[in-house]
Amino acid sequence: MKIKCVAVVGPTACGKSDLAVKLAEKFGGEVISADSRQIFKGMDLGTGKVSGFLDSSFSIDCPPVIFPFVSSGIRHWMIDILDPIEKFSAADFQRCALALIKNISERNRSVFVAGGTGFFVRSLTDGLDFAKVQISEEVRRYVLSLSLSEASERLISLQSDAESFVDLKNPRRVARALELMLSGLGNLSAMKNKRELGLEFLVLGLSLPRETLKLRIFNRLEERLQKGMVAEIEGLIERGVPISRLESFGLEYRMIARYVSGSISYDEMKTSLYSEICKFAKRQMTWFKKYSNVVWLDGEREAFELVEHFLTSMGETM
C-alpha cells in the first residue's frame, strides 16, 4: 500500500513553510524539510529556519540519528542534523526521508514535505534511483579545489549536454555531478533513473507576482541582516567552517563570507545578495513550472480543500 504525502513547493520567500505548518496543524501531520541547507546546524537566519527547539526525547535512526525540531507544536524533520563541514547528498536525503515517512505514517500522522530544493523533492515524488557510485576522498578533494566555472567546464568536457541534467549555476549540484562522473557514472541521465518508493504525492505549488516576490525578498533580507545574519556567518567561520565551504552553499553564505573576508564592501554584499536571491527565485520557478505534477494554488483555502480530498480519498494507501 502506498503512503500518501503532500509536498509544498515554490520559490524562496513565497511562504512554503508557513503553509506546511498550517496544513500539518489542520490534518494532524509532521513536516519534513526538503531544504538542502536547513540540514546544517548553525545555519539559521540564512536558511530561514522556523523558530523552535530540538526535542531530544524522541528520535529516528536513519542514520544519522535525527531529532525533531518542534515549532508551533509541530514536529519538523531534517533540520539541524549535521555540522556544515559534513556532506549530505540528495541520495542521503531520500534515504532519511523514506525512513521518516514510514515512521510518521506508522504513528498515524500525515506527512508534509516543504522545500525549495527541487532535487530533494523530486527524489521522493519521482522515486529517483541514485546510482550506487563510490566517491573517493581524492576525487572529492579535487572537485572541491575547483571554482564553479572550472568544475562546469570539466563536467561539460565529460558530457557535452551536462546542462540538460544539472543547473550549472549551482555549485553544489555541479560538484556532485562531477564527483559522480569522475567516479564511474557513465552518463548524467542515470541521475534521473526511477524506482518505486511506495509513495503517493499531492504536490502543491505556491507562487507570487514577480514584483510582490521581489519586495518580500528585499524585506526579508533587511530583516535577516538586522537580526544578525552577518554575525551568524562570522560564527560559522570562527567554528572552523572554511570560506570555500560557505561559498559552496551559495547566496547568503557566499556573499556574506566574501564581505567578512574583506573582498567586497557591505553595500556591495547587500546589493549583490538581493540580486542573486531574485535570480535564484526565478530559476526555482522555472524549474518547478517544468515539473508537470504541481497543482498551482490560488490561495490557502484551495490548499486545505485539495489536501482534505487527497487524504480522505479511497485507494491503496496507508
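**Note on a predicted model: helix, strand, lysine, cysteines and cores**

1. In helix α6, the buried residues are Pro171, Arg172, Arg173, Val174, Ala175, Ala177, Leu178, Glu179, Leu180 and Met181. Buried means under 20% relative accessible area, exposed over 50%, and partly exposed in between, with a 1.4 Å probe and protein chains only. That makes 10 of the 12 residues of α6, so the helix is mostly covered. Helices (H or I, at least four residues) and strands (E, at least two) are DSSP runs, numbered from the N terminus.

2. Basis of the values. This is a predicted model, in which local features need pLDDT of at least 70 and side-chain atom pairs count only at pLDDT 80 or more, while totals for chains, interfaces and linings use all residues. Residues are numbered from 1 along each chain as its sequence is written, and side-chain values use heavy atoms, with hydrogens and water left out.

3. Ends of α6. At the start, a side-chain oxygen of Asn170 comes to within 3.1 Å of the backbone nitrogen of Arg172. After the helix comes Gly184, with a positive phi near 115°.

4. Strand β8 (residues 110–114). Five of its five residues are buried, so the strand is largely enclosed by the rest of the structure. Ser110, Phe112 and Ala114 point one way, and Val111 and Val113 the other. In a regular strand the side chains alternate between the two faces of the sheet.

5. Partners of β8. Strands pair if DSSP finds at least two bridges between them. β1 (residues 3–9) runs parallel to β8, joined by four bridges. Ala7 stands opposite Val113. β2 also runs parallel to β8, joined by five bridges. Here Ser33 stands opposite Ala114.

6. Lys49: buried or exposed? Lys49 counts as buried, at 13% relative accessibility. Lys49 lies in the loop between β2 (29–33) and β3 (53–54). Its side chain makes a polar contact with the side chain of Asp80 at 2.2 Å. A polar contact is a pair of N or O atoms within 3.5 Å; within protein, one must be able to donate a hydrogen and the other to accept it, and residues adjacent in sequence count only if both atoms are side-chain atoms. The Lys49 side chain also reaches the backbone oxygen of Met43 at 3.1 Å.

7. Cysteines. A disulfide is a pair of cysteine sulfur atoms within 2.5 Å. By this rule the count is zero. Cys14 is in no disulfide; its nearest cysteine sulfur, that of Cys278, is 14 Å away. Cys14 is buried at 6% relative accessible area, and Cys278 is buried at 16%.

8. Cores. A nonpolar core is a set of buried Ala, Val, Leu, Ile, Met, Phe, Trp, Tyr and Cys residues joined through side-chain atoms within 4.5 Å. The largest has 81 residues, of which Ile32, Met78, Phe88, Phe93, Leu155, Leu188 and Leu273 touch the most other members. Helix α2 (residues 90–106) gives the largest share, seven residues. A second, separate core of 20 residues includes Ala24, Phe112, Leu204 and Val307.
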